[in-house]
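Please look through this model with the notes below in hand. They go point by point, with the residue numbers to follow along.

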Amino acid sequence: MLYGIVAAAATLLLSALLTGVLRVPALRLGITDRRRRRPLPLSGGTAVALATVLVAAGADAAGLLPLGAGVGRMAVAAGCVALLGLAADLRRLRWWVAPAGTAVAAAFVVPYEETGVAAGVAAVGWIVVATAAFRALDHADGLAGTVGAVGAFGAAACATAELMDGLAALLGVLAAALAGFLLHNWFPARAGLGAAGALFTGFVLASSAVFVRAGQGIGAGAAVLYALAAIGCADAALVVLGRRLDRRAVTRGRPDHLGHRLRRLGLAPRAVPVLLGAGSAGGALVAVCVHTGRLSPGAAWWVAAAAAVLVLVLVRRPVTPVFRPRQRVASASSQVSERLRVRSG
């Protein structure tokens with residue numbers, strides 16, 4: 001317990017330090033995102049991945065927090081996924097590259113001896129879907145870090161119940177790394193997570209859930225896996241449904257995610273991650289109770305029902321920006337000027 005607390009504290013400090021130090025190199029290399037009309041350095045992803053892997057590997061090498069062969073292999077695969085995400089941050093890749101790379105990494109970490117081949121292939125598919133859904137949560141300040149940290153605590157509780165101390169230690173270190181990153185990512189953010197950190201975090205969370213449930217009941221396992229990833233699944237469902245209703249390409253980016261639509265309802269920027277983090281905590285609590293037998297697998301239907309209501313309420317909210325009066329006049333003037341220029345040309 002003492003070693004775990006020390007490792008978590010060291011990870012939090014290291015992640016916060018690396019996120020700040022790597023901001024300048026990220027800006028110079030162009031590893032940025034656009035938020036509030038200014039470049040946001042995506043230094044948090046590299047910081048979270050490095051802090052998690054370095055502390056976990058160091059504690060394992062010192063014999064303080066042994067990870068085990070399977071968890072160590074998962075950490076290595078997650079590092080490879082983070083490198084793929086870093087490549088996506090550096091230059092625009094085709095939409096299928098990240099899911100394909102995630103699938104290859106997942107295929108090496110799924111415990112087929114416990115799941116069987118058919119369930120193992122399904123687990124690979126789930127890891128790919130859950131990782132992609134978590135990546136999409138990195139669209140608002142503080143959101144991905146909050147949901148990821150809550151999910152890591154929930155998965156760690158399930159691992160602890162199964163006496164998987166190495167996996168619980170890795171998840172605790174990941175939660176601490178995300179907490180350190182949030183010191184720079186809370187609104188207004190000074191650093192972002194990026195594809196590197198989002199893919200790394202989503203892969204670790206999804207793979208850990210598969211490890212915990214491997215060899216157990218399929219119904220309860222599906223309930224636990226979904227409840228842990230409920231917010232990411234709701235965001236993905238909202239985006240897909242909204243874009244299909246608008247007859248737009250699903251793979252084309254647009255400000256139509258959960259955070260964007262909640263802001264359109266009038267929520268403050270800091271309230272969005274708090275609200276969705278609370279929803280993630282509720283899902284994680286249901287997952288832990290189902291995993292430990294305190295609730296039946298049917299409890300996950302309540303989580304699914306709440307997510308469905310949220311999606312149906314928000315799917316028809318407009319996603320185009322609303323201008324203030326002065327901005328509206330300026331926008332109209334610019335449109336008129338553009339039309340006159342086109343006609344005169």
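This is a predicted model: local features need pLDDT of at least 70, side-chain atom pairs count only at pLDDT 80 or more; totals for chains, interfaces and linings use all residues.

1. Asp246 has a relative accessibility of 34%. Buried means under 20% and exposed means over 50%, so a residue in between is partly exposed. Asp246 therefore counts as partly exposed.

2. Which residues does Asp246 pair with? One partner is Arg254, in a salt bridge with 3.2 Å from N to O. Another salt bridge joins Asp246 to Arg316, where the closest N and O atoms are 3.5 Å apart. Asp246 sits in the loop between α12 and α13, and Arg316 in the loop between α15 and α16, so this pair ties together parts that are 70 residues apart in sequence. Arg316 is exposed, at 55% relative accessible area.

3. Now compare Asp256 and Arg243. Their salt bridge has its closest N and O atoms 2.8 Å apart. The pair links distant parts of the chain: Asp256 is in the loop between α12 and α13, while Arg243 is in helix α12, 13 residues apart. Are these two buried or exposed? Both Asp256 and Arg243 are buried.

4. The count of salt bridges comes to six. Check the network too: salt bridges link Asp33, Arg35, Asp138 and Asp141. As background, side chains of opposite charge can pair when their charged atoms come close.

5. Arg213 deserves a separate look. Arg213 lies in helix α10, residues 194–213. Arg213 is buried, yet has no salt bridge. The nearest side chain of opposite charge is Glu162, and it is 5.7 Å away. What does Arg213 contact instead, leaving aside neighbours within four places in sequence? The contacts are Ala220, Gly221, Val224 and His291.

6. The buried residues of α7 include Gly120, Ala123, Val124, Trp126, Ile127 and Val128. Ala130, Thr131, Ala133 and Phe134 are also buried. An α-helix has 3.6 residues a turn, so residues three or four places apart point the same way. The buried residues of α7 pack against α5, α6, α8, α10, α11 and α12.

7. Most residues other than glycine have a negative phi, and most peptide bonds are trans. The peptide bond from Phe187 to Pro188 is cis, with omega near -5 degrees. Pro188 is in the loop between α9 and α10. Leu163 is not a glycine, but has a positive phi of about 60 degrees. Leu163 is in the loop between α8 and α9, and is exposed at 70% relative accessible area. Arg247 also has a positive phi, near 60 degrees. Arg247 lies in the loop between α12 and α13, and is exposed at 78%.

8. Last, the surface. Which residues form a nonpolar patch there? They are Leu241, Leu245 and Leu312, with about 270 Å² of accessible area together. Leu312 is in helix α15, residues 299–314. Leu312 is exposed, with a relative accessible area of 62%.

Terms used
Residues are numbered from 1 along each chain as its sequence is written. Side-chain values use heavy atoms; hydrogens and water are left out. Patches are made of residues with over 30% relative accessible area and no salt bridge: like charges are joined within 9 Å, nonpolar side chains (Val, Leu, Ile, Met, Phe, Trp, Tyr) within 5 Å. Accessible areas come from the Shrake-Rupley method with a 1.4 Å probe; for residues, only the protein chains shown count as cover. A salt bridge is a side-chain nitrogen of Lys or Arg within 4 Å of a carboxyl oxygen of Asp or Glu. Helices (H or I, at least four residues) and strands (E, at least two) are DSSP runs, numbered from the N terminus. Buried means under 20% relative accessible area, exposed over 50%, partly exposed in between (1.4 Å probe, protein chains only). Lys and Arg count as positive and Asp and Glu as negative; His and the chain ends are not counted. Contact means heavy atoms within 4.5 Å.
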